[in-house]
Amino acid sequence: MSILGLKKKQPKTFKVKVITMDAEMEFSCEVKWKGKDLFDLVCRTVGLRETWFFGLRYTVKDTYAWLKPDKRVLDQEVPKDSPITFHFLAKFFPEKVEEELVQEITQHLFFLQVKKQILDEEIFCSPEASVLLASYAVQAKYGDYDPNFHKPGFLAQDELLPKTVLMQYQMTADMWEEKISAWYAEHHGIARDEAEMEYLKIAQDLEMYGVSYYDITQNKRDTDLLLGVDAQGLHIYSPNSKLSPNKSFPWSGIRNISYSEKEFTIKPLDKKKDVFKFYSSQLRVNKLILQLCIGNHDLFMRRRKVDSIEVQQMKAQAKEEKARKKMERQILAREKQMREEAERAKEEMERRLFQLQDEARLANEALLRSEETADLLAEKAQIAEEEAKLLAHKAAEAEQERQRLEVNAMKTKEEKRLMEQKMREAEQLAVKLVEQSERRLKEADHLKQDLSEAKDAERRAKQKLLEITKTTYPLIAAYSAPAATAAAPPEADSAYAAASSSRLDFKDSDMKRLSMEIERERLEYMEKSKHLQDQLKELKSEIESLKLEEQQQQQQQQQRRASATYALRDGRAYVPQAPEIRPTRLRWPSSTRSEDEERRRDPRGRLQDGRLLDARDGIAADALQADRFGSSSRRSLGRGACAPALVGAADFGRRV
């Protein structure tokens, strides 16, 4: 046979490209193939047995059309491109996905198509339902949630929510991801097919699920409406509302559906109801609507009949497959759990092994340290024994030194007691002298006051005497002179003159003698006071020197004790510290006045040997002088000191 004969017998083919929801396939089809042949080839390739839900869709003049199974592919209004592109999509939707979708591949294709329609906003979905559906989609894609693997941002490249929902709220992508992840974490343990089925269960309750919309007009006045075709029946919508239909025609209530060119007629089963007519813009659209109505009505009637043997076999196989997968998942979960437990046990054993190794290493190190410590303690024990002997010897010496120091301390205490007694006696003597000086000072003040009063009295008496003398002098000269001359003898006159002169002389001499005695006694008192001050000064210096010696002895004694006695505590020599010695200050008794008070009292005082002496001694001397002068004055006044003065004045008058 020639080559030309072989070429004539080879059938002519054309390229076809079929796009499913998760793959793209290319086929080489024969020219004589019908739509059913291509559809069966795609279903066998995909592994789909529930073929009555799906179809091959193509685009003709901006409208969608479905490939007819009983006509050749090239005889239909398919695109003339090469390859010819078809979309393998669900043409009819089930009423209840859980009961009607048997195969897993069927569920998966429906899941992908419904998900795309929701994301493309062909099916309206509320934001809450969108987030929940997105969580099931993530569960179907990524499996169980693992916080160690699914870090924040792992959903950044996935399209999970419609754009309208994203723009409706002022939320960032991270915030949406956080909400989806919160729901996603609650779906732990759900397999992929179960998650997809849960997704479809929620989606089938949406108002626009499985509805195909077409633009129609109700009458010749072109009232715009929307016709919706789904598994339940036909629905009439307003142009701006696809959620709630204005009127519905369920499949159970429709008797007949027909079209004539652009006019479409729906006849209700109840003959009393009016026939509903509407018009479409193209004849092609009416044909498409009729195909969808016939297919959905057939499925509607099929659901209400007993399943065919093929469907029963498919359901039985699907049930067995689900049970087998469920068992496999349980076994896998149990094995996974056992493996995780084994890994945890292994990690625990490794951790325990490392811990035991560390403990053994630490024990060996502790043993080595204990051996070194034992050797060191033995050396310390030997050193401590030698130190104990040395300390015993030093303790004996310290005991002897302590006894000697105690004897010295007793002597020092006795000397200190004697010195303190002397000091107290000196202080008492000083207090007595101060009290005596104050007492004499007060007496001197009184005497000065008495002396001033006596001088005033004497001055007044002299003044009266002069006045009497001036008033009585003429009478005495006239009458007393002759009588006295005649009566008195010469011896009496001379005696009287002598007596008068002797009284005057006696007063002057007494005053001189009194002042001399006061001066002498003042000098004697100053000498005694100075001698007493010298004694006090010597006594004070002696007490200070004794105290310094006692402090030095105490310091030496404490230093000897500190150097001789110490105790071994925790392997260390403990040396007690000597207490702090503070010098004591001698204070005069509170009865004595301070130097500032003495200065304020007598500004004439001057500082001699650290004490005020002159002012106090001067006051005492003045007091002594005033005392003696006052005593002599009182004696003179007691004897009638004014009488001799009056007598002398009278005598002077007579002499004149």
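Two strands count as paired if DSSP finds at least two bridges between them. I'm keeping that in mind for today's look at this predicted model.

**Entry 1: a pair of strands, S7 and S8**

I started with strand S7 (residues 224-229) and strand S8 (residues 233-237), which pair in the antiparallel sense over four bridges. Across that pairing, Val229 stands opposite Leu234 in S8.

Next I followed the S10 end. Six bridges join S10 to S11, and the two run antiparallel. Ile254 has Pro268 in S11 as its bridge partner. These strands make a hairpin with two residues between them, and Glu261 in the turn has a positive phi of about 55°. I noted that because most residues other than glycine have a negative phi.

S11 also pairs with S12, antiparallel again, over four bridges. There, Thr265 has Lys277 in S12 as its bridge partner.

H9 covers residues 283-303, which is 21 residues, so at 1.5 Å a residue the helix should span 30 Å; the end C-alpha atoms are 30 Å apart, which agrees.

Then I looked up which parts of H9 are buried. Among them are Val285, Leu288, Ile289, Leu292, Cys293, Asn296, Leu299 and Phe300. The spacing made me recall a rule: an α-helix has 3.6 residues a turn, so residues three or four places apart point the same way.

**Entry 2: the other sheet**

There is also an open sheet of five strands, in the order S2-S1-S5-S3-S4, with mixed pairing. Strand S2 (24-30) and strand S4 (63-66) stand at the edges; each has a single partner strand, so one side of each is left without a neighbour in the sheet. Here the twist averages 35° from one strand to the next.

I looked for both kinds of pairing. Strand S1 (residues 13-19) and strand S5 (residues 84-90) pair in the parallel sense over four bridges, with Ile84 in S5 as the bridge partner of Val16. S3 and S4 run antiparallel, joined by four bridges, and here Tyr58 has Ala65 in S4 as its bridge partner. The hairpin of S3 and S4 has two residues between the strands, and Lys61 takes a positive phi near 50° in it.

A cis peptide bond joins Ser82 and Pro83, with omega about 0°.

As for helices on this sheet, helix H2 (residues 35-46) lies across S1, S2, strand S3 (54-60) and S5, running at about 140° to S2. Helix H4 (residues 104-119) lies across S3 and S5, at about 105° to S5.

**Entry 3: helix H4 up close**

H4 has 16 residues and reaches 22 Å from its first C-alpha to its last, close to the 22 Å expected at 1.5 Å a residue. How many of the residues of H4 are buried? I got 12 of 16, so I wrote "mostly covered", with buried meaning under 20% relative accessible area. Phe110, Phe111, Leu112 and Val114 are among the buried ones.

H4 has a helix partner. The axes of H4 and helix H8 (residues 192-203) come within 9 Å and cross at roughly 50°. That makes H4 oblique to H8. The crossing is left-handed. Residues of H4 including Phe111, Val114 and Ile118 meet residues of H8 including Met197, Tyr199 and Leu200.

Last stop was Glu121, in the loop between H4 and helix H5 (127-142). Its phi is near 65°, a positive value in a residue other than glycine.

How values were computed: Residues are numbered from 1 along each chain as its sequence is written. This is a predicted model: local features need pLDDT of at least 70, side-chain atom pairs count only at pLDDT 80 or more; totals for chains, interfaces and linings use all residues. Side-chain values use heavy atoms; hydrogens and water are left out. The expected span of a helix is 1.5 Å times one less than its number of residues. Buried means under 20% relative accessible area, exposed over 50%, partly exposed in between (1.4 Å probe, protein chains only). Axes are lines fitted to C-alpha atoms, for helices over the stretch in contact, and angles run from 0 to 180 degrees between N-to-C directions. Contact means heavy atoms within 4.5 Å. Angles under 35 degrees count as roughly parallel, over 145 as roughly antiparallel, 65 to 115 as roughly perpendicular and the rest as oblique. A crossing is left-handed if the near helix is turned anticlockwise from the far one by less than a right angle, and right-handed if clockwise.
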